[in-house]
Amino acid sequence: MRHKFWMFRKVNDIPLRSKFLLIYILSILLPVITINLFFYQRTSADIKIREQENLRKSIERAAGELLGMIDESVALSRIIAADDSLYEVLDRSYPSPVDYYNEYHAFLRDKLTRYMSANILEVRIYTDNDTIQTGSNYIVMNDKTAPLPGLKQLESTIGGILVVDYSEPSVFNPGRRISVIGKMDIYSSYATYAKYSKIDLDVNRVYSILNRETDSLQLRLVDSNNRIVVSSGERTEGDLSQTSENLISRESEDSAYTLEKSLGNLAYLQGWKLIGVADTRHLDRLLNEARNSILGLLAICTVVPSLLIYIILRSYHYRIRKLSRHMEKVRNERFDLIEIQEGSDEIGGLIRTFNMMIGKIHTLINDVYKLEIRQKDLELDQVRTELSMLQSQMNPHFLFNTLNALLVVSTKNGYTEVIEIIKSLSVLMRQLLSHSDNLIPLHEELQFTNLYLQIEKFRFGELFDYTFDVDPDVASLLIPRMSIQPLVENACKHGLQARKDGRQIKVTAKRIASELDIQVIDNGIGMDAGRLTELLRDVRSERPRNGEHVGLRNVYRRLELFYEGDAIFNLSSVPGNETMAGYRIPLSRLKPRK
């Protein structure tokens, strides 16, 4: 198992930036470059193969047209050689030139012109009959006239037909000539004189055939003596200093392809061929276009993914680096939020979770800090209360001796009501100055509150009355000391002070559901909603604006101290009718005295 996941552990050790770089190089850059190079090689090879095929078709087309011209001339030569009437006239001896010209005008004049065509420039007949006059299409072979081209080769040729090329020295029509010469020896009865036919092909026609392919191919017509007869582009002639094979090798230095096509295997075309040299400019242009297309495609396939990879990498790497740095700060007890564009992906979710965690940590720190301050404030209030109690005990003997003297005097004089009040005040003062626990049974708190109300009853007389409504099963529950009497004192001082008669205070202590509910209700003047809101804010504030309602605030703070927010302090009022102050404590937080 350890060996199986060795590679994965190594990958986990690679930094994120390096991982993205490896993915980019191995999965995008190298495949794109490799595919485009392979595509370029295949495209270049296909272009070369296609161009080779086009060149082959071009040279075959040109060779076919040239062969058609030659075959047409050969066929005409054989037709002329088979005309016995022409034999008879040419083999006749004429007594005088007049006799010949008569026969010429009667028979020979238009005999050969009817064989003319677009591919044939001229048709002539050569003979050694010196009784015929040289002129027009008939030539007498003697020392005064030009010899028949290729006559010696024709004599040794099988078939009696030969294709020759030569330079015409004529003043009127000089230039290169291609001719088909043939023996006229079919009829032995007309063999007195030697007769030969010569059919001149139209060289301009040959030149136009070769020039049709100049866009992609330079064609050269080469004869049996390895001489250039006609060349596309310009008319060139002369002996070739090399063989055709050497010619191909030489041209290959400047051209990508050199093709050769023989015009045929017949005896009269033996050695005639068509050589084509490819125009590399056309091929180079096609290859350049293919290369530029591949390079453009390579640039697009490289730049676009590179840009996307950079944007994605920057998005991931920047946010992960931010997250890592802030986690280092957390390690150093610095809880800073990551203030960047989070995003909706997984990393954005991590950043949001981190910020939520930091926010909760801030809240917990603030809560703990506030609780510590509140705890200290409550402890300080408790210390101050105890100091006040201690200060009130400066001379307790003096206070109680004075009360006892008043009690003796009231007893001697029969002041019964004063006696009861002095007794109640004495008990009240003893409880105030006592060092009892912070938590006392509910019935003790109610007894202490009852003593205070008796004194208030003495003060107001018939104008004031009070009642208690207490469930017996909650009397033994422990509650904070001095948590009811301040509510009663506040009701007497603020609620009933402005009322002239019928002053009522009701103290209730009941079990409602799972809570102990204690309420002090007076029928005083009440207060409006604005005043009630201000009073509640003042009671719950850590820094009250004035010294009023200290009793309410002390009750609220003691409940917070003992029950940590589980106790609910409530204050409500109906203007002109009543005010109700109290609190609810969960029974789970209360324990009875054993």
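**Helix pairs and a cavity**

Author: The axes of H13 and H15 cross at roughly 155° and come within 8 Å. The model is a predicted one, in which local features need pLDDT of at least 70 and side-chain atom pairs count only at pLDDT 80 or more, while totals for chains, interfaces and linings use all residues. Residues are numbered from 1 along each chain as its sequence is written, and side-chain values use heavy atoms, with hydrogens and water left out.

Reader: What makes H13 and H15 roughly antiparallel to each other?

Author: Axes are lines fitted to C-alpha atoms, for helices over the stretch in contact, and angles run from 0 to 180 degrees between N-to-C directions. Angles under 35 degrees count as roughly parallel, over 145 as roughly antiparallel, 65 to 115 as roughly perpendicular and the rest as oblique. The angle is roughly 155°, and H13 and H15 are therefore roughly antiparallel.

Reader: Which residues make that contact, and how do they divide by class?

Author: Pro486, Leu487 and Asn490 of H13 meet Gly551, Leu552 and Val555 of H15, where contact means heavy atoms within 4.5 Å. The classes are four nonpolar, two polar and no charged residues. Ala, Val, Leu, Ile, Met, Phe, Trp, Tyr, Cys and Pro count as nonpolar, Asp, Glu, Lys and Arg as charged, and the others, Gly among them, as polar.

Reader: Why is H12 called roughly parallel to H13?

Author: Helix H12 (residues 442-460) and helix H13 (residues 485-495) pack at an angle of about 20°, with axes 9 Å apart. That angle makes H12 roughly parallel to H13. Glu445, Phe448, Thr449, Tyr452, Leu453 and Glu456 in H12 meet Gln485, Val488, Glu489 and Cys492 in H13. By class, this contact has five nonpolar, two polar and three charged residues.

Reader: What makes H14 oblique to H15?

Author: Helix H14 (residues 529-540) and helix H15 (residues 550-563) pack at about 55°, their axes 8 Å apart. This angle makes H14 oblique to H15. On the H14 side are Leu535, Asp538, Val539 and Arg540, which meet Leu552, Arg553 and Tyr556 in H15. The residues of this contact divide into four nonpolar, no polar and three charged.

Reader: How do you know what lines the largest cavity?

Author: On a 1 Å grid over the protein atoms alone, a cavity is a set of points where a 1.4 Å probe fits but cannot get out, and lining residues have an atom within 4 Å of a point. By that rule, Leu66, Met69, Ile70, Ile178, Leu201, Val206 and Leu221 line the largest cavity. Helix H2 (residues 16-81) gives the most to this lining, with three residues.

Reader: Which classes are found in that lining?

Author: The lining has seven nonpolar, no polar and no charged residues.

Technical notes:
Helices (H or I, at least four residues) and strands (E, at least two) are DSSP runs, numbered from the N terminus. On a 1 Å grid over the protein atoms alone, a cavity is a set of points where a 1.4 Å probe fits but cannot get out, and a pocket is an open set with protein on both sides within 12 Å along at least five of seven lines; lining residues have an atom within 4 Å of a point.
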